[in-house]
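Welcome! Please take a moment with the sequence and the 3D view before reading on.

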Amino acid sequence: MQLNNKTLVLIIAAIAAFLFIPFLGKVHLFDWDEINFAECAREMLKTHDYTRVYVNFKPFWEKPPMFFWLQSTAMRWFGINEFAARLPNALCGIATLITLFLCGQKLYDKKFGILWALAYGGSLFPNMYFKSGIIDPWFNLFTFLSLYFFILYHWQRNGFDKVGLKGRPIRNVIWSGVFMGLAILTKGQVALMMFLLCLGVYFIYNRFKIYFNWGYAILFLVVASLVTCTWYGYETYKNGTWFITEFLKYQYRLFTTHDAGQKGFFGYHYIVILIGCFPASLLAIPAFFKTPYTKRYDKDFKKWMLILFWVVTILFTIVQSRIIHYSSLAWFPVTFLAAYTVYKWQWGNLKYKKYVGVLIAVLGSLVALLILLVAIIGLNVKKLAPYVHDKFAQGNMEANVSWNGTEGIVGIILIIALILGIRLLNRGNYYKAAWTFFAGTGLVIFLAAAIIVPKVERYSQGASVDFCIERQGEDCYVVPLGYKSYVQLFYTQKEKPTNDSSYSEQWLLKGNIDKPVYFISKVDRVDGYIKDNPQLKELYRKNGFVFLKREISGN
């Protein structure tokens with residue numbers, strides 16, 4: 001019995017909810033980005049200012065407010081906690097898998113739609129990011145949808161042989177503009193830059209033939225501008241141009257300097273995609289080469305996805321800052337190409353290449369081995385600590401975390417999925433092989449989020465988070481010393497300062513303070529501060545962190 005679209009959408013939504021929503025609040029938010037963004041949302045609630053973004057109660061012009069609106073709404077419903085901070089992306093995961101199913105079904109058929117959704121939900125980083133509290137999942141979805149609706153408009157205008165393109169072309173242009181506006185409101189003008197670069201590259205491939213109507217192009221820009229003006233326009237009208245000007249300056253600086261010390265190496269993003277998008281990244285490889293096409297639109301959409309992949313990866317290879325999620329928009333074309341490969345194999349339009357199975361076996365085994373090693377290291381972490389030369393890492397390894405060896409089951413499940421999937425590939429059961437690989441990887445991430453990630457987090461920042469939580473409600477200052485962190489803001493539930501001097505580290509260390517100051521430092525950075533500031537009292541050291549206090553003079 002064939003299921004109708006509505007039933008399939010409900011099933012996909014239920015599976016996605018099962019994959020992405022459980023355990024959202026099981027582990028603390030990670031420094032920097034997760035806590036940074038959650039703190040922006042928390043401060044929206046505290047200040048009742050939803051048009052200007054703040055962090056540490058100072059203007060934060062690095063990001064537009066769209067994602068923080070979603071987070072602050074979730075916090076209003078579910079409280080200021082990890083679950084609420086991550087819930088918007090879990091919902092984005094549900095929306096993304098449904099979107100890919102509907103897009104794939106419209107392009108080819110229901111099986112392809114399921115394959116595309118399966119490839120995205122069952123690959124490492126795409127799945128993991130829906131359990132996070134960072135901006136990129138919504139930004140990527142909005143940007144992809146903007147390009148997708150523009151492609152549909154292009155097909156309508158130029159008479160492509162795709163059935164089911166109903167309605168007037170103007171509708172697709174408007175939707176393309178709406179989603180572009182939302183993408184800009186989520187992360188900035190980089191969305192429009194990538195969109196225009198894709199259109200420009202396609203223009204070159206199209207032998208410089210104009211494939212769009214200039215009137216509709218202007219309409220697209222007008223619609224996108226109207227959507228973005230809900231913030232850009234209102235903020236400028238309300239507070240003047242300063243905040244928007246600083247925001248635009250930051251966007252420019254992001255593309256020309258090493259942000260956050262993330263320089264990386266030249267091929268950084270290709271390695272990230274190869275490993276992070278496993279197993280889709282390897283299944284996609286045959287589709288990067290010439291393949292037989294059944295229809296004109298078949299060839300054209302693949303061309304668009306290849307253009308999107310190369311635009312994203314080359315652009316962020318050129319950009320000075322190299323951070324994992326910068327190239328995450330490329331996960332859409334990569335998972336499409338993976339589904340495309342499997343679909344063509346199954347229909348016999350493309351010959352299966354054994355090297356794909358070999359690569360999946362090799363890389364998958366390395367990932368499984370890494371998971372097993374995490375479990376083994378966890379069981380023996382205190383024995384290994386003396387062999388680590390970094391003092392802070394040594395201290396981290398002293399954390400009291402209980403491992404029992406069952407964590408290794410996660411890696412074993414991946415090995416079993418690899419063995420079964422490769423056997424199915426070799427027998428020509430390509431659909432079943434894809435289901436096995438992607439379902440197995442999805443299950444592995446689900447279990448890892450439940451039983452491994454919380455234990456790893458205890459080593460990296462657990463002691464610092466615990467200390468900040470203990471300071472909640474206490475009339476004091478809590479600040480990091482010798483390193484940058486947002487932990488103390490979110491986990492102390494910091495109130496808006498009444499004394500601007502509290503933003504000065506020198507005042508907190510040597511000035512006439514008006515309330516006690518707690519400092520959080522690291523074992524490899526604290527000695528100089530203690531030597532130069534004898535008024536600091538060391539409270540204790542734990543897991544690589546050093547906790548100090550400065551009392552008000554006379555106490």
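What is the order of the strands in the open sheet of four strands? The order is β3-β4-β6-β5, with mixed pairing. This is a predicted model, where local features need pLDDT of at least 70 and side-chain atom pairs count only at pLDDT 80 or more, while totals for chains, interfaces and linings use all residues. Residues are numbered from 1 along each chain as its sequence is written, and side-chain values use heavy atoms, with hydrogens and water left out.

**The sheet**
- The edge strands, β3 (477-480) and β5 (537-542), each pair on one side only; strands are DSSP runs of E with at least two residues, and helices are runs of H or I with at least four.
- Strands β4 (517-522) and β6 (545-550) run antiparallel and are joined by six bridges; two strands pair if DSSP finds at least two bridges between them.
- V517 has R550 in β6 as its bridge partner.

**The nonpolar cores**
- The largest nonpolar core has 182 residues, and among those that touch the most other members are W116, W155 and F519.
- A core joins buried Ala, Val, Leu, Ile, Met, Phe, Trp, Tyr and Cys residues through side-chain atoms within 4.5 Å; buried means under 20% relative accessible area, exposed over 50%, and partly exposed in between (1.4 Å probe, protein chains only).
- Helix α7 (136-157) supplies the largest share of this core, 14 residues.
- A second, separate core of seven residues includes V381 and Y459.

**A loop residue**
- Y387 lies in the loop between α18 (381-384) and α19 (391-396).
- Y387 is exposed, with a relative accessible area of 67%.
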